[in-house]
Amino acid sequence: MSPLPAITIKIVSPYLSMEDKYKDLVAQLKAHEGLAAIFGEAAADIDAAAEPEAIEAARVKHLGRKSPLSLLLRSIPELPNEERPVVGKYGNQARAALEQALADRKKQLESGELERRLATEQVDITLPGEPFPQGRLHIITQTQWEIEDIFAGLGYRIAEGPEVETDYYNFTALNTPEGHPARSSHDTFFVDGDPDVLLRTHTSPVQIRVMEKEQPPIYVIMPGRVYRRDSDATHTPMFHQIEGLAVDEHITMADLKGTLETFVRAIFGADRVIRLRPHFFPFTEPSVEVDVSCMICGGDGCRSCKHSGWLEILGAGMVDPNVFGFVDYEADRMQGFAFGMGVERIAMLKHGMTDLRMFYDNDLRFIKQF
Ligand SMILES: [Zn+2]
């Protein structure tokens with residue numbers, strides 16, 4: 001293998017002195033002694049200028065209105081006859097040369113400045129960066145996502161709907177016509193000027209919206225914010241619900257119980273059991289309330305479960321065939337179940353909290369625990 005050819009590095013001076021750069025002009029200027037002296041002095045100053053301020057000073061001194069060159073050019077009419085053409089011809093060339101030289105020198109100094117800064121202000125990319133505060137999801141969001149994950153694992157899709165609803169979707173289509181007593185427990189916020197528009201009191205309207213658009217089989221959960229006119233330690237005017245809806249052929253209450261038991265064990269622990277108690281909801285028939293065995297005392301009875309061994313966690317039931325009538329499903333062929341829970345309630349039970357308002361106080365000492 002032949003050796004690599006030697007590389008010769010030629011160092012080229014980056015700056016040509018004025019005398020070298022304007023050799024021809026300097027020779028011609030000798031025809032007029034005064035002009036040659038003026039140019040020589042200006043050239044020396046430009047050669048010596050080492051920073052932008054010195055360049056500007058040289059420009060004012062040698063090209064300004066009161067500079068010797070300007071005065072000489074202005075005095076041409078008064079000059080002796082033999083000097084006039086020489087000064088007229090070379091004086092303007094000298095002026096143009098000085099202007100060009102100042103501009104060149106300025107550009108050169110600036111690029112030198114840039115190089116100097118590039119050389120001295122290097123960034124060490126191996127140094128650790130500024131610490132960036134890491135945020136986290138709010139405990140309600142964490143809980144909601146955990147619930148969504150469990151049902152996604154059971155084959156449920158997520159559906160969302162508007163928070164500002166109409167009376168029809170929030171009540172009527174859910175088998176709660178005007179004047180129905182169940183409406184009174186859902187006192188909420190109505191939109192001024194339109195008694196038919198309100199903030200939804202539950203995520204159930206999304207069930208109707210899904211069933212209007214799609215045919216069974218349907219397996220969806222519907223998370224979201226809901227509103228009611230309540231405010232105390234266990235109620236806030238805004239809270240989060242997750243509802244579930246399954247509609248298919250041959251769905252029974254055993255499917256409902258199995259689904260909820262699977263969910264409860266996934267979120268509260270494998271040794272939890274549930275019980276169903278008869279209840280009433282307008283849009284399910286039969287309806288149940290679902291309790292989970294107390295995770296604090298294991299069912300023996302403690303303060304949290306009011307010594308019953310059970311904690312109430314959600315409401316559920318088989319979809320009332322009347323509801324199918326509102327969405328044109330064949331009520332004699334389809335069955336379904338629905339359930340709904342408060343996300344805050346699940347989070348409180350999971351973390352042993354007693355006051356729901358803490359979720360919304362934005363106290364970082366509380367929020368950072370999760
Ligand atoms: Zn207990």
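Which residues are the protein donors of the zinc ion? In this predicted model, local features need pLDDT of at least 70, side-chain atom pairs count only at pLDDT 80 or more, and totals for chains, interfaces and linings use all residues. Residues are numbered from 1 along each chain as its sequence is written, and side-chain values use heavy atoms, with hydrogens and water left out.

The zinc ion has as its protein donors the SG atoms of Cys294, Cys297, Cys302 and Cys305, which lie 2.2 to 2.3 Å from the ion. Donors are N, O and S atoms within 2.8 Å of the metal (3.2 Å for Na, K and Ca); water is not among the atoms, so sites may look incomplete. Along the chain, the donors follow the spacing C-x2-C-x4-C-x2-C. The angles among the four donor atoms are 104 to 115°, and the site is tetrahedral (four donors with all angles between 85 and 135 degrees). Cys294 and Cys305 are both buried, that is, under 20% relative accessible area with a 1.4 Å probe, protein chains only.

A second region involves paired strands. Strands are DSSP runs (E, at least two residues), numbered from the N terminus, and two of them pair if DSSP finds at least two bridges between them. Strand E4 (residues 194–199) pairs in the antiparallel sense with strand E2 (residues 164–166) over three bridges; here Val164 stands opposite Leu199 of E4. E4 also pairs in the antiparallel sense with strand E3 (residues 190–191), over two bridges, and Phe190 has Leu198 in E4 as its bridge partner. E3 and E4 form a hairpin with two residues between them, and Gly193 in the turn has a positive phi of about 85°.

Technical notes: Helix = DSSP H or I, 4+ residues; strand = E, 2+ residues; numbered from the N terminus. Tetrahedral: all angles 85-135°; square planar, octahedral: opposite > 155°, others 65-115°. Buried < 20%, exposed > 50% of the residue type's maximum accessible area, 1.4 Å probe, protein only.
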